[in-house]
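Look at the sequence and the model below. The text then goes through a loop residue, a sheet and a pair of helices.

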Amino acid sequence: MRNGPIGKYLVEKGLITEEQLQQVLEKQKGEKGKLFGDVVIEMKYVSDVDFAKCLAERLNVQYIDLDTTQLIPDVVKRIPEATARKYNVIAVNKVGKRMMVATNDPINFYVFEDLRVITGCNITALLATKASINRAIGKMYSEGQVSAVVDEATKEKEEELNLEELDLTADRIENAPIVKLATAIVENSYRQDATDIHIEPFKTYTKIRIRVNGDLIELMTLSSALHVSLTTRFKILSGMNIAEKRIPQDGRMSQVVDGTTLDLRVSNLPMVYGEKVVIRILATGDMSLRKITDLGMTQYNYERFASCLKVPQGVVLVTGPTGSGKSTTLYAALGEIAKPNVNVITVEDPVEKKVDGINQCQINDKAGMTFAAALRSILRQDPDIIMVGEMRDAETAEIAIRAAITGHLVLSTLHTNDAASTVTRLVDMGVEPYMVATSLIGIVAQRLTKVLCPDCKKLRMSRTDENELMGIDHSIQVYEAGGCPKCKDTGYKGRTAIHEILLATPEMQSLITRGAKADEIQVLAREQGCLLLRDNVSKLVQEGVTSMDELVRVTYAV
């Protein structure tokens, strides 16, 4: 089948079924000019990486993972940026008169002929995913541009201070250095996998820091003269009142970076030396929803969680501090249970990802559209499954629990430290213990823990106090963070989630009805096979995935 169509090859490899192949071909007919690969990835039957690997095998071309390949700036720049973006290609290496170029369409010979003329080299095609080429182009061609933009903006500011009049034509504003700087800050932050951007004013300078893997790292320092212009730019983009500088404001905006539309939540707070702006970079609807199997759960925890979602009515809670991946888990759960024959409605503040086929409702406190008001209306909308973004107050909790008792499946989040204390929190909020007991299906407590960089982690033996924390009686080999260029000297690369899943068994329900405290609930949960957060992170330390520092940071309690 090596010479047959790629669709047949995917079926033969077991990546899609014959029925799915027909559906893709049918859809492709209706979308003239679209490649088969783009359609099959869009329909989420195979991931872009799996498709690229399969296509490389089928065409006998080498596959390359650009996210882990060190690219050489001088070689990359041999192809002009405009050409690289036009053909979606990037130069990977050059040996003599031969240049290796990554592309997602290795049989488009017109492109290679054009590149041969531009570079004066013979071209060898390597296959990479469209998204990874986009990311690499954005990263490689932008390096060095930021400092130039900062210098340009600073120089313009100095000129403005010396001039009486300002030229405020639309064209000039669009090409203004401060506009380019605001765009560059978001682009660079996204390319470094940041979740938040902090723009902080001080007396003589403005510091810009980004949160990567849960830690804040410095991105750049600017002259304080630029601060007002920069914050004003973000306030305009996110729809805030630029004349109001005394009270906090919130807004939202979007920006396209490397072909992905980012949804940005902007928060503004007056400080001593000016306004501090924090921008949350949200994973957008453009990005495909994660499946439950991609959440980093162990097989044991995955089976427990999947069993919770099979129950037709009741409440499933996901708990943890801010930024612990609760929303991602909820969306993955919705993706699993939202079938064409059920009515799924969500109440969120704000709607973080727009999901096809799900009715999503946005909270608006100013207009009186609160969680409680929205929930009351939703119960009259004939729902099967309800997702409540957060149980913030007693009224919301009570309505959500009543909805679960009256035959709906309710998914929601709470800010608690572990699964057992979630039950007592609901009771403290004013929900009767018997109502919690009868409605509860299960609670998932989760945290995100940093993953050690595989290239620079250091091996050592564990100490006695560390053995106690892991619940073992002998020293074992553990790894600690090092630091290398690949992980930007942090010692960590990426994060994974750890989970603690409590199931509401009949014994657990009778214990909750009696008004038991969190420690009693935890004892019973452990007896019934619930692995605590510390058990899960200890396992990761023993497997060399994370470090003892992370175990202490994630699960330490006095």
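Does Asn-88 count as buried or exposed? Asn-88 counts as buried because its relative accessibility is 9%; buried means under 20% relative accessible area, exposed over 50%, and partly exposed in between, with a 1.4 Å probe and protein chains only. This is a predicted model, in which local features need pLDDT of at least 70, side-chain atom pairs count only at pLDDT 80 or more, and totals for chains, interfaces and linings use all residues. Residues are numbered from 1 along each chain as its sequence is written, and side-chain values use heavy atoms, with hydrogens and water left out.

Asn-88 sits in the loop that links helix H6 (81–87) to strand E1 (89–95). Helices (H or I, at least four residues) and strands (E, at least two) are DSSP runs, numbered from the N terminus. Leaving aside residues up to four places away in sequence, Asn-88 touches Ala-102, Thr-103 and Asn-104, among others; contact means heavy atoms within 4.5 Å.

E1 belongs to an open sheet of three strands, in the order E1-E2-E3, with mixed pairing. Two strands pair if DSSP finds at least two bridges between them. E1 and E3 (122–127) are the edge strands. E2 (residues 98–103) and E3 run parallel and are joined by six bridges; Val-101 has Ala-125 in E3 as its bridge partner.

Further along, the axes of helix H20 (residues 506–513) and helix H21 (residues 518–527) come within 11 Å and cross at roughly 175°. Axes are lines fitted to C-alpha atoms, for helices over the stretch in contact, and angles run from 0 to 180 degrees between N-to-C directions. H20 and H21 are therefore roughly antiparallel, the word for angles over 145 degrees.

Key:
Angles under 35 degrees count as roughly parallel, over 145 as roughly antiparallel, 65 to 115 as roughly perpendicular and the rest as oblique.
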